[in-house]
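User: I would like to go through the labels on this model one by one. For each label, please show the value and the cut-off behind it.

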Amino acid sequence: MMSLKVCPIALILSIIFSLFLISECGIIAVYWGQNAREGTLSDTCSSGLYKIVNIAFLPTFGNGQTPKLNLAGHCDPSSGGCQKLSSSIRQCQSQGIKVMLSIGGGAGSYSLSSDNDARQVANYLWNNFLGGKSNSRPLGEAVLDGIDFDIEHEQGQSYYATLARALSDYSKQGKKVYLTAAPQCPFPDRSLNTALSTGLFDYVWIQFYNNPPCEYTSSSPNNFKNSWNKWTSSIKANQFFVGLPASTAAAGNGYVPKQVLISEVLPFVKGSSKYGGIMLYDRYNDKQNGYSSAVKGSV
């Protein structure tokens, strides 16, 4: 009779342990679109390396400007040449990969001048990239999964909260609109703090690069650890990701060698219940350096 009691207990413990392991599993998000040599969107998704792909960028919007997409040498949006990506987007989504449109970026001309301006931008994004209707959808008829805020200009930063709320409200019309953000690691982010304070963001990939005070180094790991803890305890979001350059060429500084990520960084960040995985910039550099393929099994 004793053995009959032990087996169910052992089974329960096994299930709990398995769930614990599953909860630690992270995913990899990547930026695609800024280098024609990185390969196609279809190939990026078919690589099996990523679960989220950010199409980058929409670097012109707001303040009365006509929004403009920039996908480097991949296609010409002004002539409708990027509409061919619609089939690739759907192919990615059929593989369980979320495809986002990243707005902003380090360069470009974008800002918001008022709450009304923010709502107009949200309306444009809904009709041209999400579940709305337009005769001039830059990426064709495919419906993207959401919008990524890579806002690195401070102009109009107080209105990005309105943009986030307006986009989130569109989820009520059917398909959920995911919201993601890529703040710089110094807390709080000067461009995104008001938006992130809404608590509406699903995923936040913190840029731990080009920001020496909070990047990871083996000699001063606490700079990174303190920043990670501050972000995950201060901002309401479903999951947080460690944002990294995929090679030394992808950023001025902040590159973390693959083995260092596996042995030093990941064991620490996995201690957070909000851990989601890593974000890499970008697909081209990842392809050149083989970063995600080397670390995927440990993420």
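**Helix pairs and their labels**

Analyst: Helix 4 passes helix 5 in a right-handed crossing. Keep in mind that this is a predicted model.

User: Which residues make the contact of helix 4 with helix 5?

Analyst: From helix 4 come D115, A118, R119, V121, A122 and L125. From helix 5 come T162, L163, A166 and L167. By class, the contact has seven nonpolar residues, one polar and two charged.

User: What makes helix 7 roughly parallel to helix 8?

Analyst: The angle between helix 7 (residues 221-234) and helix 8 (residues 258-269) is about 25°. The cut-off for roughly parallel is under 35 degrees. Helix 7 is therefore roughly parallel to helix 8. Their axes lie 11 Å apart, and the crossing of helix 7 with helix 8 is right-handed.

User: Which residues of helix 7 and helix 8 meet?

Analyst: F224, K225, W228 and N229 of helix 7 meet V265, F268 and V269 of helix 8. Five of the contact residues are nonpolar, one is polar and one is charged.

User: What makes helix 5 mostly covered?

Analyst: Helix 5 (residues 160-169) has seven buried residues out of 10. Buried means under 20% relative accessible area. The residues that pass are Y160, A161, T162, L163, A164, A166 and L167.

User: Which residues have the most contacts inside the largest nonpolar core?

Analyst: They are L125, L139, F149 and L163, in a core of 77 residues. Helix 4 (residues 115-129) gives the largest share of this core, six residues. A second, separate core has 14 residues, including A56, F57, M100 and Y209.

User: Which residues does L163 touch, leaving aside its neighbours within four places in sequence?

Analyst: L163 is in contact with I103, L112, A118, V121, A122, L125 and F149.

User: Why is P67 called partly exposed?

Analyst: P67 has a relative accessible area of 22%. Buried would be under 20%, and exposed would be over 50%. The value of 22% falls in between, so P67 is partly exposed. P67 sits in the loop between strand 3 (60-61) and helix 3 (85-94). Beyond its neighbours within four places in sequence, P67 contacts L58, T60, F61 and Y124. P67 and Y110 are 43 residues apart in sequence, yet their C-alpha atoms are 8.8 Å apart.

User: Where are peptide bonds cis, and what is omega?

Analyst: The bond from A56 to F57 is cis, with omega near 0°. F57 belongs to strand 2 (residues 52-58). The bond from Y281 to D282 is cis, with omega near -5°. D282 lies in the loop between strand 10 (275-281) and helix 9 (283-289).

Note on methods
Residues are numbered from 1 along each chain as its sequence is written. This is a predicted model: local features need pLDDT of at least 70, side-chain atom pairs count only at pLDDT 80 or more; totals for chains, interfaces and linings use all residues. Side-chain values use heavy atoms; hydrogens and water are left out. A nonpolar core is a set of buried Ala, Val, Leu, Ile, Met, Phe, Trp, Tyr and Cys residues joined through side-chain atoms within 4.5 Å. Buried means under 20% relative accessible area, exposed over 50%, partly exposed in between (1.4 Å probe, protein chains only). Helices (H or I, at least four residues) and strands (E, at least two) are DSSP runs, numbered from the N terminus. Contact means heavy atoms within 4.5 Å. Axes are lines fitted to C-alpha atoms, for helices over the stretch in contact, and angles run from 0 to 180 degrees between N-to-C directions. Angles under 35 degrees count as roughly parallel, over 145 as roughly antiparallel, 65 to 115 as roughly perpendicular and the rest as oblique. A crossing is left-handed if the near helix is turned anticlockwise from the far one by less than a right angle, and right-handed if clockwise. Ala, Val, Leu, Ile, Met, Phe, Trp, Tyr, Cys and Pro count as nonpolar, Asp, Glu, Lys and Arg as charged, and the others, Gly among them, as polar.
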